Amino acid sequence: MRLKPLLPASPFLLLSFSFLLLLTFSVQASPTGNFLTYLPLIRGGNEQASPFSIVFVSRQIPDEGSVYWEVPAGMPGVGPWSRFQVAAPGKLLVREPDGTIRTLIDGANPTAASKFLMDVSAPAVSFDGTVIAFAGFPQSAYSPNDSNPVGNPGAWRIYTIRADGTNHQQVTTTAIDNDDLNMSQFGDAAGVFNGYDDTDPVWLPDGRIVFSSTRWPSQAQYSGVRTSNLYIVDADGTDMRRITSERNGADRPLIDPLTGKIVYARWWRNHRFATDDMDTIPGNGGYLQHLGLTTDRSNHVGGPDNLWRNLWNPTAINPDGTGLELWAGNWQAHFLYGGAFTDDGQLLANYFPMINMTEAGGFGGIRRIARGAGGYEGVIGITYLTLDYVNTDPPSYGIFNGNYAADPDAFPDGSLVLSWAEGITQDYGLYTLDANGDNLTLLYDNPGTTELHARIIR
């Protein structure tokens with residue numbers, strides 16, 4: 001496979017968090033929203049009933065899923081490859097317990113009431129179960145290039161809407177943060193940082209929103225993509241602050257129910273390695289080796305590639321930006337790119353075999369990751385580097401034979417709702433799964449679109 005180059009929570013917070021986790025009611029539909037519509041359930045098989053309402057997005061399936069092989073389709077919203085790719089029209093939908101589908105945002109019919117959004121991504125439900133935060137892309141900002149992967153179209157922003165379809169608000173705007181920065185330091189390259197995107201919102205228990213953004217002007221150390229960092233903002237869009245200082249990326253935040261910390265996907269790109277040799281070796285306008293560090297992947301402490309990393313792993317941080325730590329992993333580190341926590345603190349993590357996520361999007365599975373220096377177990381889909389390539393000429397790096405799964409959320413009994421696709425067309429539908437990984441059952445599927453990011457409203 002080509003892969004180049006803690007502070008404790010307060011007792012009040014923990015008690016409040018435990019109480020909120022006991023709220024297992026579902027929000028009932030209200031016909032009062034200006035753009036709230038009802039649709040019949042689209043059936044692709046024997047759908048299972050769900051005791052809760054579920055919010056999710058339904059988006060178009062991108063043509064390009066890999067830089068190596070042109071046949072497979074893509075998965076929008078995954079890593080630097082497609083996290084900001086516009087897959088319009090997109091819809092923000094709610095599936096009710098009786099199987100009916102409500103449309104909160106219809107990207108195929110942008111209106112003033114929907115703030116003319118044509119695509120949506122990454123919904124998240126507030127702790128009281130009443131408000132949904134999500135990323136939205138406006139029709140006025142679209143250009144054909146925005147449908148290409150590995151882009152930064154510069155118009156994704158964070159929005160909120162009540163679960164009953166009312167009170168649709170824009171949270172993040174353009175005139176914050178970068179507009180006051182002096183870009184002259186970048187010279188002719190300053191134009192690279194024009195525009196930025198916000199995505200992956202998650203609610204904090206106190207009602208603020210943490211999200212990932214490319215607002216800070218920086219490029220990652222691999223593939224030339226924009227660096228992402230985590231920001232926190234009040235729900236009314238005020239008091240925004242950056243809480244990470246990542247060199248490469250911080251995406252897909254989650255809230256750890258046992259600690260209150262933010263657990264996010266951190267892009268760990270390490271290409272300077274410890275060595276016992278203190279010689280200085282100049283090269284490439286700098287140093288190939290200097291002060292006990294080397295760029296030679298074959299000759300450093302522990303042997304070839306022992307310290308080399310180019311993947312996204314689970315990292316934790318307090319909401320005030322302190323207490324940065326590795327949340328889980330062993331000497332090889334664990335891969336994480338979003339997922340969900342169960343009520344008892346187990347992490348169900350997305351795993352994508354293209355672990356730098358700049359050269360393919362999707363084709364993965366779901367892991368259950370142990371807290372701390374432990375291991376993981378595969379739940380469903382592709383959950384490790386099988387190297388059983390779908391295609392060998394050219395090699396389909398990161399695309400292995402099998403079925404694919406992503407974006408889990410957990411019901412109170414430990415069973416899951418998730419997205420599942422049969423093959424490389426990545427036409428995901430929503431399914432339920434027992435906690436032990438059995439009984440995959442269709443919940444909702446609209447053939448020809450991809451249903452992702454299901455979140456239980458409770």
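Predicted model: local features only at pLDDT ≥ 70, side-chain atom pairs only at ≥ 80, totals over all residues.
I started at His 290, which stands opposite Leu 293 in S18. Strand S17 (residues 286–290) runs antiparallel to strand S18 (residues 293–294), and two bridges join them; strands pair if DSSP finds at least two bridges between them. Strands here are DSSP runs of E with at least two residues, helices runs of H or I with at least four, numbered from the N terminus. The protein has two helices and 29 strands.

Then I checked the sheet. Its four strands are ordered S15-S18-S17-S16, open and antiparallel. S15 (273–274) and S16 (281–283) stand at the edges with a single partner strand each, so one side of each has no neighbour in the sheet.

My last stop was the second largest pocket, of about 200 Å³. A pocket is an open set of points on a 1 Å grid over the protein atoms alone, where a 1.4 Å probe fits, with protein on both sides within 12 Å along at least five of seven lines; lining residues have an atom within 4 Å of a point. The volume is the space filled by probe spheres set on the points, which are joined across faces, edges and corners. Among the lining residues I found Arg 272, Tyr 287, His 290 and Leu 293. S17 gives the most to this lining, with four residues.

Methods. Residues numbered from 1 in each chain as written. Heavy atoms only, no water.
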